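Q: Please take a close look at one residue in the structure shown here. Then set it beside a few other parts.

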Amino acid sequence: MQDFLLLIISTINAYMSNYILLFLLISVGLWYTFKTKFVQIRCFGEAIHKIIDGLSFKGDKQKVGVTSFQALSNALAAQVGTGNIVGASGAILMGGPGAIFWMWIIAFFGMATIYAETVCALKTRKIESDGTIKGGPAYYINTAFKNKFGKFLSAFFAISITIAVGFTGNMVQSNSIGFTLYNAFGVPNWITGVILVSICWFIFRGGLSRLSSVTEKIVPIMSYIFVGGAVAIIIARIQYLPDALYMIFYYAFQPQAIIGGTFGEALKIAVTQGAKRGLFSNEAGMGSTPHAHVQANVTNPHEQGIVAMMGVFLDTFVVLTLNALVIISTLYTSDGILADGYKGAATEIVNQANLAQVAFSSVLDAGLNEGFGSQFIAICLFFFGFSTILAWHSFGKINIVYLFGEKIINVYIAIALAFIFVGTIVSSDFVWEMTDLFNNFMVIPNVIALFALTNTVVASCSKKTN
């Protein structure tokens with residue numbers, strides 16, 4: 001039965017990714033890049049200063065919402081997850097090293113998209129008398145279309161994101177965590193599931209303040225550890241770095257040379273893999289991270305909009321790129337097992353779930369203890385996936401409240417915990433396809449509303465930057 005469902009869902013996803021998703025993501029990214037006069041370039045320095053000025057690990061509690069840095073940490077908790085490791089690995093395996101180039105393209109234009117999402121979310125949010133903030137795409141979709149069509153679109157989005165991130169998305173995270181911990185330490189998947197559920201239950205019950213306090217500490221630390229390990233490997237393989245960079249650009253336009261098939265078919269696979277995994281990684285255009293940024297205690301939407309842009313930059317151009325360079329410089333170079341592409345004996349050794357572990361192990365195991373590379377990735381992936389679970393749960397919770405009110409929160413938590421546990425023991429292919437399906441569904445109503453709210457976004461950007 002699962003194989004039959006997998007075939008149907010993968011067919012739908014292939015059509016949406018190859019045509020609808022690619023068109024919508026590139027269109028809205030291009031639209032806002034030009035409408036905001038390249039805000040991702042003009043305001044890059046301003047965004048860096050804003051983040052540095054707000055950098056804090058104290059977990060200061062706000063009367064309304066959270067600090068700008070806490071909001072960014074919550075967003076990065078969602079963005080910097082298994083998509084950077086497992087998602088990028090899948091894109092490289094299926095589309096070749098050139099898929100990373102297309103992930104960069106999606107991310108560059110996505111920086112303008114996420115700016116627009118954040119501005120729209122802050123412009124339309126509602127602050128209750130007790131300081132509770134309600135906002136996100138479901139709210140700005142209703143603002144864009146004040147009729148039955150708007151209600152339908154907002155409900156469709158709210159249902160899709162609840163399933164995509166609150167349920168199936170967190171299955172992806174727990175699935176990747178369970179698989180890598182088993183590979184590295186031999187921990188049975190069900191034990192990983194029990195531990196994850198127990199920790200998540202404690203944090204879920206603490207609400208937004210507890211979640212923000214956890215993510216603002218975990219996200220920077222886990223990023224530093226992973227970046228440090230990746231940089232160490234790249235330095236160890238520094239002679240192969242020029243080749244790795246060359247392959248990213250060369251195979252972006254000549255993918256058939258590494259993944260086989262005809263030029264047209266190979267190019268389509270490279271581009272769509274980059275777009276699909278790029279979306280899952282940085283989430284620009286998907287409508288998820290505005291739920292984190294809308295909680296920021298700021299008075300000007302532009303200020304948080306440029307901070308949100310940096311989330312995409314850090315996610316894709318820093319963390320994901322370092323992971324890709326490690327994989328390509330160790331496995332795709334002349335002495336690597338994938339030098340001739342993903343074929344032959346290589347298919348029996350690596351897959352998207354363990355590719356990063358194999359890459360890191362090829363260097364760390366030789367220089368340190370055997371198995372250290374696999375263990376390093378397993379630990380990083382645990383914290384990446386765990387932080388994403390926390391953030392995505394809160395995004396789903398916001399939309400459950402939008403749909404049904406506070407009365408079913410405990411039911412939502414129970415279902416979410418069940419999905420997290422099940423994710424550690426089911427097929428990874430099925431989990432990824434289910435998540436891709438609802439990620440794709442989220443994009444459609446979100447992008448439609450973003451186009452409709454163009455004047456709102458441009459006015460906010462122009463008022464601040466002209």
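Does Glu283 count as buried or exposed, and at what relative accessibility?

A: Glu283 counts as buried because its relative accessibility is 0% (buried is under 20% relative accessible area, exposed over 50%, partly exposed in between, with a 1.4 Å probe and protein chains only). This is a predicted model, in which local features need pLDDT of at least 70 and side-chain atom pairs pLDDT 80 or more, while totals for chains, interfaces and linings use all residues. Residues are numbered from 1 along each chain as its sequence is written, and side-chain values use heavy atoms, without hydrogens and water.

Glu283 lies in the loop between α13 (263-282) and α14 (290-293) (helices are DSSP runs of H or I with at least four residues, strands runs of E with at least two, numbered from the N terminus). Its phi is positive, about 65°, although Glu283 is not a glycine. Most residues other than glycine have a negative phi. Phe38 is another non-glycine residue with a positive phi, about 60°. Phe38 sits in the loop between α1 (2-35) and α2 (39-42), and its 29% relative accessibility makes it partly exposed.

Next come the helix pairs. Helix α9 (residues 189-204) and helix α19 (residues 409-423) have axes that come within 8 Å and cross at roughly 155° (axes are lines fitted to C-alpha atoms over the stretch in contact, with angles from 0 to 180 degrees between N-to-C directions). α9 is therefore roughly antiparallel to α19 (over 145 degrees; under 35 is roughly parallel, 65 to 115 roughly perpendicular, the rest oblique). Among the α9 residues in this contact are Trp190, Gly193 and Phe204, which meet α19 residues including Ile413 and Phe421 (contact means heavy atoms within 4.5 Å). By class, 11 residues of this contact are nonpolar, one is polar and none is charged (Ala, Val, Leu, Ile, Met, Phe, Trp, Tyr, Cys and Pro are nonpolar, Asp, Glu, Lys and Arg charged, the others polar).

Helix α6 (residues 99-124) packs on helix α7 (residues 137-144) at about 80°, with the axes 9 Å apart, so α6 is roughly perpendicular to α7. Glu117, Cys120, Ala121 and Thr124 of α6 touch Tyr139, Tyr140 and Thr143 of α7. That contact has four nonpolar, two polar and one charged residues.

Finally, the largest nonpolar core has 143 residues, of which Phe226, Tyr332 and Phe360 touch the most other members (such a core is a set of buried Ala, Val, Leu, Ile, Met, Phe, Trp, Tyr and Cys residues joined through side-chain atoms within 4.5 Å).
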